[in-house]
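Have a look at the model first, then work through the notes.

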Amino acid sequence: MPLSDVPLSLLDRAAVRAGSSEAEDLAHVLDRAVRAEALGYHRFWVAEHHAVPGIAGSAPAVLMAALAARTQRLRIGSGGIMLPNHQPLVVAEQAATLEALHPGRIDLGVGRSVGFTAAVRDALRTGKDAADRFGDDLAELLEHLSGTAPVTVRPRNHAATPVFVLATGAGVEIAARAGLAVVLGGPALFRQGAGSAVPVLERYRQRFRPSPWWSRPHVLVSANVAVADTRETARELLLPEALALAVSRTRGEFPPLAPVRPAELDRLPGRTRSLVEDALANSVHGTPPEVRARLEQLVADTGADELLVTGGAYDLDARAASDRQLAALFAPRRD
């Protein structure tokens with residue numbers, strides 16, 4: 001399948017940049033969405049993270065409302081709202097309200113993650129075991145959206161808002177039984193190509209049951225992607241987030257993104273450097289021809305229906321250039 005036949009979308013986690021205010025970082029998300037719409041991107045999603053120093057995106061429904069108001073055609077969604085943190089009724093009401101205000105433009109992506117620390121989980125009035133009830137919470141959410149629950153959500157949604165499951169572990173099986181789209185990313189896509197991800201997706205497709213939301217299986221493959229004039233420049237664009245992620249796994253806190261030069265990696269502790277290299281290996285970065293070849297192979301390996309580009313960057317100008325070059329790879333060729 002040529003890339004021009006694959007819808008291309010962005011997930012922006014509203015990363016905080018060292019030296020900027022969180023208000024400025026949120027404004028950058030809005031500006032990026034406006035540019036993404038002009039470039040022809042299909043969806044623009046935001047995520048939910050609580051009390052994380054390096055991420056300003058804590059309230060996706062609120063940010064979605066601002067994004068939808070600033071754009072005209074771009075689909076706006078959550079990638080995702082974490083159901084263990086919320087009452088399904090409230091999530092349904094938020095999605096239904098956004099859908100009523102912006103008909104045909106709202107996506108609802110949901111996940112099963114809980115707060116990263118005990119203090120955050122306590123503040124959210126939840127616990128580690130809250131993820132275990134994801135299947136039940138999802139079923140209740142869908143009842144509210146379809147209008148089959150004991151109470152009626154207002155405004156009514158009539159299953160108009162597409163629902164996606166951020167697939168981790170049992171999430172794929174739950175999505176298949178519920179007849180929902182799945183979003184799959186992470187290291188599984190890059191171990192021996194996408195070979196280790198294929199069995200998971202095969203099970204999803206085999207066990208999928210049509211629903212009011214999706215009549216057939218639908219897979220969004222997500223990956224960190226950076227495009228630049230040289231492979232080294234593209235790699236540098238991904239370094240700040242790769243380092244922040246490594247720090248979060250060694251120190252327990254995801255810090256604001258800061259500039260990182262390749263030479264600085266040599267001074268990192270061995271464990272931290274290994275995690276940075278792993279993050280870069282589980283990404284797609286390089287020149288336009290290199291990225292085109294990698295993404296074409298990724299789509300072929302997974303049978304992806306769409307591609308969702310993730311990843312934050314400190315250098316906003318370089319990220320904007322990457323967004324432009326990536327969009328150009330997906331534009332119809334004029335041979």
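Before we get to the helix pairs, one idea: a helix axis is a line fitted to the C-alpha atoms over the stretch in contact, and the angle between two axes runs from 0 to 180 degrees, taken between their N-to-C directions. Keep in mind that what you're looking at is a predicted model. With that in hand, let's start with helix 1 and helix 2, whose axes come within 9 Å and cross at roughly 40 degrees.

**Helix 1 and helix 2**

- The crossing angle of roughly 40 degrees makes helix 1 oblique to helix 2.
- If you check the handedness, helix 1 goes past helix 2 in a right-handed crossing.
- On the helix 1 side, the residues in touch are Leu-26, Val-29, Leu-30, Asp-31, Ala-33 and Val-34, and they meet Leu-63, Ala-66, Leu-67 and Arg-70 of helix 2.
- Sort that contact by class and you get eight nonpolar residues, two charged ones and no polar ones.

**Helix 3 and helix 5**

- Next up are helix 3 (residues 88–101) and helix 5 (residues 134–146), with axes that come within 9 Å and cross at roughly 40 degrees.
- That angle makes helix 3 oblique to helix 5.
- This crossing is right-handed.
- Which residues of helix 5 does helix 3 meet? They are Asp-137, Glu-140, Leu-141, His-144 and Leu-145, and the partners from helix 3 are Pro-88, Leu-89, Val-91, Ala-92 and Ala-95.
- The contact between helix 3 and helix 5 counts seven nonpolar, one polar and two charged residues.

**Helix 6 and helix 7**

- Helix 6 (residues 171–178) packs against helix 7 (residues 198–207) at an angle of about 20 degrees, and their axes are 8 Å apart.
- Is that parallel or antiparallel? The angle makes helix 6 roughly parallel to helix 7, because angles under 35 degrees count that way.
- Helix 6 passes helix 7 in a right-handed crossing.
- Val-172, Glu-173, Ala-175, Ala-176 and Arg-177 from helix 6 touch Val-200, Arg-203, Tyr-204 and Arg-207 from helix 7.
- Here the contact has five nonpolar and four charged residues, with no polar ones.

**The largest cavity**

- How many cavities of 30 Å³ or more does the structure hold? There are four.
- The largest cavity has about 90 Å³ of space in it.
- Its lining is made of 13 residues, and those nearest the centre are Arg-32, Val-225, Thr-310, Gly-311 and Arg-319.
- Helix 8 (231–251), strand 9 (306–310) and helix 11 (316–330) each put at least two residues into the lining of the largest cavity.
- Helix 11 gives the most to that lining, with four residues.
- By class, the lining of the largest cavity splits into six nonpolar, four polar and three charged residues.

**The second largest cavity**

- The second largest cavity comes in at a volume of about 70 Å³.
- Around the second largest cavity you'll find Asp-12, Ala-14, Ala-15, Arg-17, Asp-25, His-28, Val-29, Leu-257, Ala-313, Leu-316 and Arg-319.
- Helix 1 (22–39) and helix 11 are the elements that give two or more residues to the lining of the second largest cavity.
- Of these, helix 1 has the largest share, three residues.
- That lining holds six nonpolar, one polar and four charged residues.

Terms used. Residues numbered from 1 in each chain as written. Predicted model: local features only at pLDDT ≥ 70, side-chain atom pairs only at ≥ 80, totals over all residues. Heavy atoms only, no water. Parallel < 35°, antiparallel > 145°, perpendicular 65-115°, else oblique. Left-handed = near helix turned anticlockwise from the far one by under 90°. Contact = heavy atoms within 4.5 Å. Nonpolar A, V, L, I, M, F, W, Y, C, P; charged D, E, K, R; others polar. 1 Å grid on protein atoms, 1.4 Å probe; cavity = no way out; pocket = protein on both sides within 12 Å on 5 of 7 lines; lining within 4 Å. Points joined across faces, edges and corners; volume = space filled by probe spheres on them.
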